[in-house]
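Dear colleague,

I am passing on to you the structure shown below, together with an account of what was found in it. Please read the notes alongside the coordinates.

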Amino acid sequence: MPAFSQLRAWWAEHPPAAGAAVMATGIVSVGLYMTDHETLSRVALVLACVAWVGLAADFVLRLLRERPRWVGEAYTPAGLTAVAATTVLGTRLSALGWQVAAEALLALSAVLWPVLLWCVVRHWKHRMPGGVFLVCVATQGLAVLAATLAAAVGPEWLAHAALVLFWLGLALYGVAYAHFDIREVARGAGDQWVAGGALAISALAGAKLVAAHHVKPYLWNDDDQSVLRTVTVAVLILAVAWYCVLVVSELIWQRPRYDVRRWATVFPMGMTAVAALTVSSALGHPWLRGWGDALLWIAVAAWLTAAVGAARSAAAFERA
C-alpha cells in the first residue's frame, strides 16, 4: 500500500475527536505568540492549519460520501471539535492581523455551531465522558473569536453577541456537568481534562470581553464591567482547581498509553495557560503572567508527548 494510502487509512480510523489536535496545536500557537516566541508560534500555526484543512476535507467527504457515518459522528460531543478548532484557529489568525480570514472562520463556526450543538444535545445520556463539556468549549470559542474581532475591527454588536455566548456557555457548562460521569477523572482516556478546559476557555472569553471594553469604552456600564471581572476571575480559579485535581488523578491512576483523546488533555493545559496570560493583561494582575508562562511550557511538553504518541501510532498502523 502506498504511503499516502496508508496515511489516509490511518486517518480514517480516527473519530472526530482528532479535531482536538487542531485545538491543542492552535492554542499552543496562541500561547507562544503571547509570550513572544513568534517563530515557534508560527510553526505551530502552520501545523494547525494543515491539520485543520485535512479535517475539513474529511468532514466534507464524509458528509457527501458516508452520510450515515457523518450523522453518527455529529451526534457525539466530539463532533463539536469542528467548531472549537475553527474558532481557535481564527483567534490566532486575528492576532496576525488577518482579520478577513478570522471573520470567515467566525462565520463558518457560527453556521456549524447550532447544527452540531442541537445534534449533540439531543443525544445526551445520563453518564458521559469529558467530551460532554465540548458544548461549553464550542460556545465559548465563538465568544472568544467574536470578542477578539470586536476589539480589532468589528462593530459593537459582535461584542454584545459574544457576551450572550459567554453567559450561554457558562449555563451549558452547568448542564454538561450534570451529565458528566465523575468516575472519568480516574479512568478517562484524556478527554476528562475538558472539564477544566471548558472553564479555562470561559475565563478567556470573559477576559476578551473586558479587553474589548478597553478598546471600546462604552460597551459595558460599570456594573456590567464589575460583574464580568468578578466572574472571569472566579471561573479561572475553578479552572486551575480542576487542573490540580486532574494532575493528581494522573499521578494516582496512570494511563501511559497513547490515545487520540490525549489531545483533549493538551488543549485544556494550553488553554489554562492562555487564560492566565490574558486575564493577567486584561484585568491587571501581572503576577498571573509567571503562572501562565510556566503552564504554557507544561502544555508544550504535553503537546510534544502527544505528537510522539501519534507518530508511533501511525507507524504501528503502517507496519500492520
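The side chains of E38 and R92 form a salt bridge, with N and O 3.4 Å apart. E38 belongs to helix 3 and R92 to helix 5 (residues 81–95), so the pair ties together parts that are 54 residues apart in sequence. Please note that the model is a predicted one.

In total the structure holds 9 salt bridges. Another of them joins R127 to D181, whose closest N and O atoms are 3.7 Å apart. This pair also links distant parts of the chain: R127 sits in the loop between helix 6 and helix 7, and D181 in the loop between helix 8 (156–179) and helix 9 (184–187), 54 residues apart. R127 is partly exposed, at 49% relative accessibility, while D181 is buried, at 4%. Salt bridges with shared partners connect R127, D181, R183, E184 and R187 into one network. A further salt bridge brings together the side chains of R255 and E250 (3.7 Å, N to O), and both of these residues are buried.

Leaving out residues up to four places away in sequence, L80 touches L116, L117, V120, L134, V135 and A138. As a general point, nonpolar side chains tend to be buried together in soluble globular proteins.

Helix 3 (residues 38–65) has 28 residues, which at 1.5 Å a residue should span 40 Å; its end C-alpha atoms are 40 Å apart, in agreement. Its buried residues include S41, A44, L45, A48, W52, L55, D58 and R62. An α-helix has 3.6 residues a turn, so residues three or four places apart point the same way. D36 has a positive phi of about 65° although it is not a glycine, and at 67% relative accessibility D36 counts as exposed.

Helix 6 (residues 99–122) includes Q99. Apart from residues up to four places away in sequence, Q99 touches S94, L149, A152 and V153.

Helix 7 (residues 134–152) should span 27 Å for its 19 residues at 1.5 Å a residue, and the 26 Å between its end C-alpha atoms agrees with this. Of these 19 residues, 17 are buried, so helix 7 is largely enclosed by the rest of the structure.

Helix 12 (residues 263–283) gives a similar check: 21 residues at 1.5 Å a residue should span 30 Å, and its end C-alpha atoms lie 29 Å apart, which agrees. Helix 12 is mostly covered, with 20 of its 21 residues buried. Just after helix 12, G284 adopts a positive phi of about 75°.

Helix 13 (residues 287–319) contains L295, which is buried at 12% relative accessibility. Setting aside neighbours within four places in sequence, L295 is in contact with Y243, M269, T272 and A273. The C-alpha atoms of L295 and L277 are 9.7 Å apart, and the two residues are separated by 18 residues along the chain.

Finally, the surface. Which residues form a nonpolar patch there? The patch consists of V247, V248, L251, I252 and W253, which together have about 470 Å² of accessible area. Within this group, V248 lies in helix 11 (residues 222–252) and is partly exposed, with a relative accessible area of 44%.

With kind regards

Methods: Residues numbered from 1 in each chain as written. Predicted model: local features only at pLDDT ≥ 70, side-chain atom pairs only at ≥ 80, totals over all residues. Heavy atoms only, no water. Contact = heavy atoms within 4.5 Å. Helix = DSSP H or I, 4+ residues; strand = E, 2+ residues; numbered from the N terminus. Expected span 1.5 Å × (residues − 1). Buried < 20%, exposed > 50% of the residue type's maximum accessible area, 1.4 Å probe, protein only. Patch = residues over 30% accessible without salt bridge, like charges linked within 9 Å, V, L, I, M, F, W, Y side chains within 5 Å. Areas by Shrake-Rupley, 256 points an atom, 1.4 Å probe, with all protein chains shown as cover. Salt bridge = Lys/Arg side-chain N within 4 Å of Asp/Glu carboxyl O.
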